[in-house]
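Please walk me through this protein, one question at a time. I have just started learning to read structures.

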Amino acid sequence: MQYRKIGKTGVQTGVIGLGCEHLDRKPYAQVKETIDAALEAGITHLDVFMPGREVREHIAKALGNRRKDVTIQGHIGSTDIHHQYDISRDLTVVKRYFEEYLELFGYVDFGMMFFIDSEKDYQGVFETDFIRYVLERKQQGDIRHIGFSSHNPVMARKVIETGVPEMMLFSVNPAFDLHPAEIDVLERLNAQDKLDVSAFHGLDPVRADLYKLCEQRGIGITVMKTFGAGKLLSPEHTPFARPLTVAQCIHYALTRPAVAAVMLGCQSRQEVMQAMEYFDASDEERDYSAVLGTLKSEFRGHCVYCGHCQPCPSGIDIASVNKYLDIARLDETSVPPSIRSHYLQLEHHGSECIACRSCEKRCPFDVPIVENMRLARKIFEQHT
Ligand code: SF4
Ligand code: SF4
């Protein structure tokens, strides 16, 4: 397992976490087997959005005295009033479901304001007593950090700009990232007709800017829909010329700015072990540039952080330099100290570039790497 911090919360997480959705309505033995395998593999972060009491009890019982060894994302507003997953902003209902977490788990590491995808969701949270309740719970120590979940980059930005959340659970994968917020990509992937990604023009700037904003403000991202509900792995449903592999999808999400962990929906020991194969995959096996490369012209000049240009004779991690440079370019006059510090913590810097251009020959997207290294030097290394 590799570990990262979840943004400014400073909480460490394994980069692969467990999304517990598929443990819902499963027998206790299966929940125990999966939780045991996850903890043995070094998984430390669990997403428990399911409102059902039984699955929550199963997870709490399976953890037992190992509760302190994990962090839990518990969702505020996730209910099953009509025996199916539902959202509520009604405080009486919200409290009933949320306080069950406290009863079973003692406290919630990340209190997630559930599913803020629309203006109505935003108003239901921030213009009612809902937000007062969340802040009170944080003050009382029942919630260690406030987060939220969303699939919509426009609303996610609006929530972040309130200054309230410290992290978010967001849907990230290459197909979603190509599309503007108003398109429900999962619904389109589920539809019979094949989604034509060539109609779109590179990574959607609203999504790309959201990830950069998160890195800039220290909002850690945990990821859902890493595989687009499995559609991106399927030859039948992939919107690309070929399906992505599990390792490519995980690597794509983990190479977005601010991403701390992908929450994978395993439901057995075997599935946990399969997820861990990511760590044994070679750089070539993780490299997703060939799949995005089928849309080469759409990405021209823009780094997608795939790492295909490595190795560099000066040892520069080119994708990371480009990532911090992209964030700094949001506002060159005021580079956040945290971004400068991340850059300076890299082992090698843009100033070490000897302009050999071997990376530029390998980059499928014609990124002006030498120019970027010079710019990184100018922005990050002058006056230090
Ligand atoms: S410069 Fe090109 S090859 Fe290197 S990480 Fe960026 S997109 Fe990938
Ligand atoms: S051009 Fe610079 S960044 Fe690229 S491989 Fe050569 S030394 Fe490394």
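Q: Which residues are the closest to ligand 1 among the 15 that surround it?
A: The model is predicted, so local features need pLDDT of at least 70 and side-chain atom pairs pLDDT 80 or more, while totals for chains, interfaces and linings use all residues. Residues are numbered from 1 along each chain as its sequence is written, and chains are lettered from A and ligands numbered from 1 in the order in which they are written. A residue is near a molecule or strand if its C-beta atom, placed from the backbone, lies within 6 Å of it. Around ligand 1, the closest are Cys303, Cys306, Cys309, Ala319 and Cys363.

Q: Which helix gives the largest share of the shell around ligand 1?
A: Helices (H or I, at least four residues) and strands (E, at least two) are DSSP runs, numbered from the N terminus. The largest share of this shell is 3 residues, and it comes from helix H15 (residues 318-328).

Q: How many charged residues does the shell around ligand 1 have?
A: Ala, Val, Leu, Ile, Met, Phe, Trp, Tyr, Cys and Pro count as nonpolar, Asp, Glu, Lys and Arg as charged, and the others, Gly among them, as polar. In the shell around ligand 1, 11 residues are nonpolar and 4 are polar. The number of charged residues is none.

Q: Which element gives the most to the shell around ligand 2?
A: Ligand 2 is surrounded by 15 residues, and the closest are Cys312, Ser314, Cys353, Cys356 and Cys359. Two elements give two or more residues to this shell: helix H17 (358-362) and helix H18 (369-381). By class, the shell has 12 nonpolar, 2 polar and 1 charged residues. With 3 residues, the element that gives the most is H18.

Q: How many Å separate the centres of domain 1 and domain 2?
A: Domain bounds come from an automatic or database domain assignment. Here that assignment gives domain 1 (3-286) and domain 2 (300-381). Taken over C-alpha atoms, their centres are separated by 29 Å.

Q: Which helix gives the most to the side of domain 1 that touches domain 2?
A: Two residues are in contact if their C-beta atoms, placed from the backbone, lie within 7 Å. The contact between the domains takes 9 residues from domain 1 and 12 residues from domain 2. On the domain 1 side, 3 residues come from the top contributor, helix H9 (residues 205-217).

Q: Which residues does Ile221 touch?
A: Leave out residues up to four places away in sequence. Then Ile221 touches Met168, Phe170, Cys214, Ala258, Val259 and Ala260.

Q: Is Ala258 buried or exposed?
A: A residue is buried if 20 or more other C-beta atoms lie within 10 Å of its own, exposed if 12 or fewer, and partly exposed in between, with C-beta atoms placed from the backbone. Ala258 lies in the loop between helix H10 (246-254) and S12. It has a positive phi of about 75° although it is not a glycine. Because 23 other C-beta atoms lie within 10 Å, Ala258 is buried.

Q: What is the phi of Asp366?
A: Asp366 lies in the loop between H17 and H18. With 13 C-beta neighbours inside 10 Å, Asp366 counts as partly exposed. Most residues other than glycine have a negative phi. Asp366 is not a glycine, yet its phi is positive, about 50°.

Q: Which buried residues of helix H11 (residues 269-276) are there?
A: They pack against strand S3 (16-19), helix H1 (28-40) and strand S12 (259-264). The buried residues of H11 are Val272, Ala275 and Met276.

Q: What is the omega of the peptide bond from Gln310 to Pro311?
A: Pro311 lies in the loop between helix H14 (296-299) and H15. Most peptide bonds are trans. The bond from Gln310 to Pro311 is cis, with omega near 5°.
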